[in-house]
Structures are given as structure tokens and as C-alpha cells.
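Let's take a walk through this one, going from a pair of strands out to the sheet and then into the space beside it. Have the model open as you read.

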Amino acid sequence: MIKLFASDLDGTLYNALHETDGAILRRLRRVLAAGRHVALATGRWARSAAELGFGDLPLELVCGNGAFVYGASGELLRAVSIKPGALEELLGAFPAIACNCIADDGQFVRGSREAFAAGFRMPPGLAGLALRWRRRRGGRGGAQRYDQSDADVLAHRIGKVNFNVADEGLRREVEAFLDERADTLVNASFDGNLFEVTAAGVNKGEAVSWLAGQLGFAEDEVAVYGDGGNDLAMLERFAHACAPRGASEAAKRAAGTVIGSCTWHAVPRHMARTVRREGPLG
């Protein structure tokens, strides 16, 4: 019996506009009413599900690709930060790269808003418009603080560093740098030129497993959903894993089970069907 559902957001639990809506929230309420837990497993940073558009739903939160775990009441349960020496070396090696450094107390950008936004690709159509609008408002999970110095960043417990590198030569340099430091740093990016760097050993799969243990659940009582590169460790770890139809081929292979599209709420539908089939917890 599934007792914990953990899902990625963009392209997975969110709809095609990268948002929640009434259909998603209604199904999650049914899942919770049946005694199950739902965790949001995302590369984003937030301190509560409400900050990600889920209102008053008591959802656990695994954010920063597993660097931070929050309880359903918004309490910080665990934070795994990058070692200051490793972070200082990364920042010093690539001083021209604007990067978003995520801590348990906020987001700190080394560089200007314009420099950080440059090169990030937006999806086409309404989804891109929605994301641009959200970015202008500071994004979910709290506004980013721009123009931070290396010293400013290092004053916080940084769990994840995001940056985009469009130049192929520079991208190879960063990849080589990280490969040489695989014992302290890992990049688990969703796709393309985006780097999502955490401490080695940090990933969504490990964090969801840790959360399940805290809740008293075994791994075979967990179902997970994801669609991109930063979901692979999670999809590979759990026996009950699904990828939506629009997921990357790697995510589909890792999950083994492919369901419908996020446009038609495939993930919350699958959760609700699972609960309906299994019945309430005894």
C-alpha cells in the first residue's frame, strides 16, 4: 500500500502552465483525506507548499534537489549544505558566472538580475508567459537577492547552486571542474545548459527516502513521479515510479512506467486512482 506520494512539479504535478489549479488541488485533498502523505520534490526553493501554490494543503517539501526537507507545517527537518571550502572554490573558479545560491534562509545571486536571467530558455506559448510573469514578481519561494558578493554568499549555509552556461567551451570547463570534485560536489540538472550543484550524495531520491523513514514508511510504500534529469535518482531508487508522457527519455527509462500528460493532470489522477484502488489506511 502506498503511504507517501512524492512528485516533481514542472512538467509533472503542475499543469501545462507550470501552475496548480482546482483539479490538481481537489485530487490532492482526496489523497490526504485517505490518510496518505504527499511530498513536493523539486529543484526549486521554498519553505512551505503554500509558497508553491498549494494553499493550505499540509504537504511535505523536498526542495533544492533534496538539500532541504520541510515538514507539512513548514518546519525545517533537514538541511545538507555544500562545504564552505568547496563552494568558495567553485565561485572563485568561475567569477564571471552569475549564479543563484540557495540557503535555508533565502536565495542569494552572485551577479545582477539581468546577468542571471540571460541565457535561460523559457518554454513557448502561455507557459513561457506565465513563467516570465512569475519571475518579474520574484518567483515563488521568495524573492532572490541580487548583486551578492562571494563573501555575502559564503555567509549562508548554501545547499544548492543554480547557473546557466550557454557557451560550450565554458560549459566543458565547468563539467571538468565538477568531475574532478565528484567526492564533494554533484550536478543533477533538469536539462540542457543548466547546472544544479549540491553536495555529493544529495539528490531527490535520497531525501525522499529519508523523509519516508522519518514518517515510518518503507521504500516500497512510496510512489514517485518525475520528468527530468534531476529526478533520475528518485525514479531509479523506488519500485513504484512513474514518468509523464512529456518526460525525457532517460526519465521514462528510469521510471519504467509512463502515464499521461501533465496537461491532463496525469500525476494527481494517478495518485487519486491509487488511493481509490487501495482504500483508506487501516
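Start with strand 6 (residues 99–103) and strand 9 (residues 158–164), which run antiparallel to each other and are joined over four bridges. To get your bearings, find Ala103: across from it, in strand 9, sits Ile158. Keep in mind that you're looking at a predicted model.

Now zoom out. That pair belongs to an open sheet of six strands, ordered 8-7-6-9-11-10, with mixed pairing. Strand 8 (144–145) and strand 10 (185–187) are the edges, each pairing on one side only. As a reminder, strands of a sheet pair through backbone hydrogen bonds, and they can do so parallel or antiparallel.

Next, the helices. Helix 3 (residues 84–93) lies across strand 6, strand 7 (106–110), strand 9, strand 10 and strand 11 (194–199). Its direction makes an angle of about 15° with strand 9. Helix 7 (residues 168–180) lies across strand 9, strand 10 and strand 11, and here the angle of about 15° is to strand 11.

Which parts of the fold supply at least two residues each to its lining? Helix 3 and strand 9 do. The lining is made up of Leu90, Leu91, Phe94, Ile97, Cys99, Arg110, Val161 and Phe163.

Definitions and conventions. Residues are numbered from 1 along each chain as its sequence is written. This is a predicted model: local features need pLDDT of at least 70, side-chain atom pairs count only at pLDDT 80 or more; totals for chains, interfaces and linings use all residues. Side-chain values use heavy atoms; hydrogens and water are left out. Two strands pair if DSSP finds at least two bridges between them. Contact means heavy atoms within 4.5 Å. Axes are lines fitted to C-alpha atoms, for helices over the stretch in contact, and angles run from 0 to 180 degrees between N-to-C directions. On a 1 Å grid over the protein atoms alone, a cavity is a set of points where a 1.4 Å probe fits but cannot get out, and a pocket is an open set with protein on both sides within 12 Å along at least five of seven lines; lining residues have an atom within 4 Å of a point.
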